[in-house]
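Take a look at the protein below. The report that follows walks through its fold, its rings and its charged pairs.

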Amino acid sequence: NVIHLFHSHTDDALKANNIFGNARTQWSPIEAEVKHWVYRSWDKWIEEKPAWFEEMRGMIPEDFIPSLDERRRINEERARAEAARNKKRRGSFLGGIGEIARKGRRK
């Protein structure tokens, strides 16, 4: 299970993937421990920039990020990504409406 794997892994990439790749409810019993691990490791990850961290940084809960500046930056990244997803969805939806309208005119 998620909690057992977190405790058995020593590699940060495996721990992060195991935790942040799963629903928070699955690891909520050890949430304080995970938060402490993130707080303790954050500066090292920022300095070393491991590939897994760059990929998973947006999945780390905001309240686990020790730096206020980093929280702001990540929130801005998340907002831009959400806006891009919404724009793409709206475009697909509106494009679908246009297709329906074109088919209706052909009848």
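The sections below go from the overall fold to single residues.

## Ground rules

This is a predicted model: local features need pLDDT of at least 70, side-chain atom pairs count only at pLDDT 80 or more, and totals for chains, interfaces and linings use all residues. Residues are numbered from 1 along each chain as its sequence is written, and side-chain values use heavy atoms, leaving out hydrogens and water.

## Overall fold

The protein has six helices and zero strands. Helices (H or I, at least four residues) and strands (E, at least two) are DSSP runs, numbered from the N terminus. Along the sequence the pattern reads α-α-α-α-α-α.

Of the 107 residues, 25% count as buried. Buried means under 20% relative accessible area, exposed over 50%, and partly exposed in between (1.4 Å probe, protein chains only). The protein exposes about 7,400 Å², and carbon and sulfur atoms supply 54% of that area. Accessible areas come from the Shrake-Rupley method with a 1.4 Å probe; for residues, only the protein chains shown count as cover.

A contact means heavy atoms within 4.5 Å. Among contacts with a separation of 6 or more, 48% join residues 24 or more positions apart.

## Aromatic rings

How many aromatic pairs does the structure hold? There are 10. Rings of Phe, Tyr and Trp (its six-membered ring) pair if their centres lie within 6.5 Å; planes under 30 degrees apart count as stacked, over 60 as edge-to-face and the rest as tilted. F20 and W27 pair edge-to-face, at 5.8 Å centre to centre with 90° between the planes. F20 is buried at 5% relative accessible area. W27 is buried too, at 1%.

F20 also pairs with W37: their centres are 6.4 Å apart and their planes meet at 15°, so this pair is stacked. F20 lies in helix α2 and W37 in helix α4 (residues 31-48), so the pair ties together parts 17 residues apart in sequence. W37 is buried, at 3% relative accessibility. One aromatic cluster includes F6, F20, W27 and W37. K15 lies over the face of F6, 4.3 Å from the ring centre. For this, NZ of Lys or CZ of Arg must be within 6 Å of the ring centre and within 35 degrees of the ring normal.

## Two buried residues

N18 sits in helix α2 (residues 12-20). Its relative accessibility is 9%, so N18 counts as buried. Beyond residues up to four places away in sequence, N18 touches V2, L5 and F6.

I65 is in the loop between α5 (51-56) and α6 (68-106). Its relative accessibility is 0%, so I65 is buried. The C-alpha atoms of I65 and W42 are 7.6 Å apart, though 23 residues separate them along the chain.

## Salt bridges

Side chains of opposite charge can pair when their charged atoms come close. A salt bridge is a side-chain nitrogen of Lys or Arg within 4 Å of a carboxyl oxygen of Asp or Glu. The count comes to nine. K44 bridges to D12, with the closest N and O atoms 3.0 Å apart. K44 lies in helix α4 and D12 in helix α2, so the pair ties together parts 32 residues apart in sequence. K44 is partly exposed at 38%, whereas D12 is buried at 15%.

E70 pairs with R73 at 2.6 Å between the closest N and O atoms. Both lie in helix α6, three residues apart, about one turn of the helix. E54, R57, E70, R73 and E77 are linked in a network of salt bridges.
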